[in-house]
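Let's take a walk through this structure together. Have the sequence and the 3D view at hand as you read.

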Amino acid sequence: MKIGPDSPQDKHDDIDLGRRHALQAGGLAIAFLWVGGTGVASAMINARRQPGDAAAALADGNPTFAPNAFIRIDTSGAVRLVMPSAEMGQSIYTGCSMLLAEELGVGLDQITVEHSPPSDELYGIPALGGQITGGSTSTRATWTVLREAGAVARTLLVSAAATKWHVDPATCTVDRGVVHHTPSGRSLGFGEVASEAAKLPMPDKVQLTDPKDFKLIGKPMRRVDAADKIKGATQFGIDVRIPGMKIATVMACPTLAGKLAAVDDKAARAVPGVVDVLRLDNAVAVVGDHFWAAKQGLQALKITWDHGVNANLTTQQLRDALADSARHGKSIVARDDGPQPQGTLVQSEYQSPMLAHATMEPLNATVFVTADKCEIWTGTQVPARAVGEAARITGLPQDKVVLHNQYLGGGFGRRLETDWVEQAVAFAKQVSYPLKVIWTREEDIRHDRVRPMYHDVISAVLDANGRPVWYGYRTSGGSVLARFAPPAMGKDGMDSDAVECVAEIPYDIPKGKVEWIRHDMPPGLVVGWWRGVGPTHNLFVFESFMDELAHHAGKDPLEYRRALLQKSPRALGVLNLAAEKIGWGSQPLPARVGRGIALGEPFGSHVCAIVEVEVTPQGEVRLRRAVVGLDCGIAVNASSIEAQVQGGLLFGLSAAMFSDITIKDGAFEQSNFNDYRNLRINEAPVIEVHRVINTESPGGLGEVGTAITAPALANAIFAATGVRLYKLPVDRHLLVQSPDALKSVVSAAVHAGRDVA
Amino acid sequence: MLSLSVNGQAYPVDVPDDMPLLWVLRDVIGLTGTKFGCGIAQCGACTVHLDGQAVRSCVLPVGSIGNRAITTIEAVGNTPSGQKIQQAWLDVDVVQCGYCQSGQIMSAAALLQRTPNPNDADIDAAMSGNICRCGTYVRIRAAIKQAATGKQEILQTLVSAPEGAKS
């Protein structure tokens, strides 16, 4: 046993402080760079720190050998790996396992993975200031520390074996969980040396494997969580079953910031299976023996809402106010290289809508509150923050709140929030039994914390050849960061996410001015992180505008960009790679078929997407093909990189094609997949992902595909139709070839109907 | 008291006739592999088989089932088409978050059962009722074809020579 107060003092806390600056960070990822140097920031993820007390060790199963918070080996040789990040589909459990296993010397078939318990100290991501999975940071933040953690464990296991054999550890090798001493032909399994290894002092320095000798890293590896997921055996939060548990479903006031005035629950309580009706100041829950009883009960309630300040709010009011801010509002300056030079001024305005996350698993949490304990089962990107909120609501100390994280049925930033956990705790503390609270899909969308809407004004001054010599950017929108992490706001109250991918650009444009006009939304309209956040609209605007400039100059969009990228070799590299793979310009395309380029450097990676569409005479957009050139530095898992980029692209295409959360009478108008449309398989194009091979540090991935999609789509639609889209989602009415095209469809439908009759 | 045949086993259940099969499976019988996504047959996460046909259990009143055989994700691997689909899902490494995949696999297994060699149009028709927010559609299509033909279908684009790019 090595866990306990006598654990070696950690001398390596400072290692993470240095590493934070290696992150090319913005938005959520830059958030906590500003608070660097504080105690919180220094006590985070570390290759040598262990769970600190006997209780933690017991909860952890009293592993024989646990040299850090990630690796547990018992005397049977079984290897358990504890995952610092949350698994929400991005394959981080596989990636983290590969980093640990590479250095530890085991195969992925020899390990099991576990969710980490809530702990900023053990699993905090320095760039995010805590145990947070977001900002496409997980691989960037753990790339070194987890390999080091694996190497620490291997070093101790080898030392234990070498001591037993009285040989030099340098003469030993490790392969698949076995230490070998080849000269004498002896071998010992990890389990056989685990007890001895646990007694050895922590090694100060460890040797990391030379990248050319990697056995796992860089290979396309299959996921460690796939076998259960294809059998329905994976436990998501919604699948948790606790003895004595009841199930609730809820309705909060549909009007944003509205309150519960009164509720008549007589009919609801008469529904068979309904056991309770619970109230909060803005919501009602009906508790049943099963979800169906709860839902029937909820529908039988007669609720009176106090609609409050937003009773007459509409999307148009918000859009008008936002546009006014973008044009005339007082700005915070992110970049200003001096006066606007002389030349031809070109200017456009773009609008981006509010977007819901619509994770496939509706929000849910199971909570059991007793006099001295609060136990929570939920899938969260922020376990430690959720514990803090539960402690606040119950009045219990944080160490009396136990949270069991689960596999997440999608995150996309929605599960960076804790609102549904807070609500479930507030309901559960009213009852004596464990309570599972499941939001209906309608509740999940109506009370999403949406990606903010934006209004952006972009301009450029061009020289005689149509080349930009200055660019201007005024972006207006609500701030997620200001609410999520107020201390992370920058100079003059700047929100780094608001200008990410536009304050710094790959193009050689000598001067620019980039401004953010903070425009807070009304109370109750809470904006949140949504896969890609700031870059999703900044890249849409900037890359659409680059196409406008190319068109203005009479140049090919590829050539126009190339000419501006001579100082950005990695950006030029992905542009050339994608163009080559799609065969840009190699042959003429059919009528109303077009290709659009988008290039960007979001989340520390470099990416170019080229989308090919066909626009029907009736204005329907068919996605024919997409090709991506990607430079994310060293690949950990080549297979999941492809999957993340494909999935990210489809997530972005779905939003750009269809998604728009709108407000009427202060409430979201969309509520389920019938009116919040999502891309389906018959609408999804083939997506090729081509990667630049190099040895640069890993870049972020989870949000990269999503952030680069919309401009590639809009530029493709322009190429196919000559129609420039200044607003998302795609408005098919603008793309109709002629009124006759619509008539012909109507007559064909009528004709078909007659045939059937 | 109804009796349901689920995965070859008889379950007596005391529930209202209009209760959707989804909640009987999940909350009464305790088979949680079948998922709740929308409640209105729009997303397909709740797909199960009724006598081998794919149905959306979130809108299927349990009283309407009678003695038809219900198969869920937990047992679809015991059918030849289900086994092939699950193996292809592993080989192609389809899943991401995995939440919709029970339904995807049930729809795909039913497709393969009635159309052993589906083309793209067959796949579109059978699978367009199943939403995946992670965007695994490219690999789902590849996996269905691989299950049908036994030929490796995944795109061979994972590692590219860096022509025209800095290496």
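Start with chain B, where the C-alpha centres of domain 1 and domain 2 lie 20 Å apart. Domain 1 covers 2-71 and domain 2 covers 77-149, with bounds that come from an automatic or database domain assignment. A quick note before going on: this is a predicted model, where local features need pLDDT of at least 70, side-chain atom pairs count only at pLDDT 80 or more, and totals for chains, interfaces and linings use all residues. Residues are numbered from 1 along each chain as its sequence is written, while chains are lettered from A and ligands numbered from 1 in the order in which they are written.

So how do the two domains meet? Their contact takes 14 residues from domain 1 of chain B and 11 residues from domain 2 of chain B; being in contact means that C-beta atoms, placed from the backbone, lie within 7 Å. On the domain 1 side, strand S3 (47-50) and strand S4 (53-56) of chain B each give two or more residues. Helices (H or I, at least four residues) and strands (E, at least two) are DSSP runs, numbered from the N terminus.

Now take chain B as a whole. It has five helices and five strands, and from the N terminus on they run β-β-α-β-β-β-α-α-α-α. Its C-alpha atoms fill a box of roughly 70 × 30 × 25 Å, taken along the principal axes. Of its 167 residues, 56% are buried. A residue counts as buried if 20 or more other C-beta atoms lie within 10 Å of its own, with C-beta atoms placed from the backbone.

Next, look at where the chains touch: 65 residues of chain A are in contact with 59 residues of chain B. On the chain A side, H21(A) gives the largest share, eight residues. That side divides into 31 nonpolar, 19 polar and 15 charged residues. Here Ala, Val, Leu, Ile, Met, Phe, Trp, Tyr, Cys and Pro count as nonpolar, Asp, Glu, Lys and Arg as charged, and the others, Gly among them, as polar.

Finally, the largest nonpolar core has 280 residues, and A:Ile717 is among those with the most contacts inside it. Such a core is a set of buried Ala, Val, Leu, Ile, Met, Phe, Trp, Tyr and Cys residues joined through C-beta atoms within 7 Å. Domain 1 and domain 2 of chain B both give residues to this core, so it lies between them.

Terms used: Buried ≥ 20, exposed ≤ 12 C-beta atoms within 10 Å, placed from the backbone.
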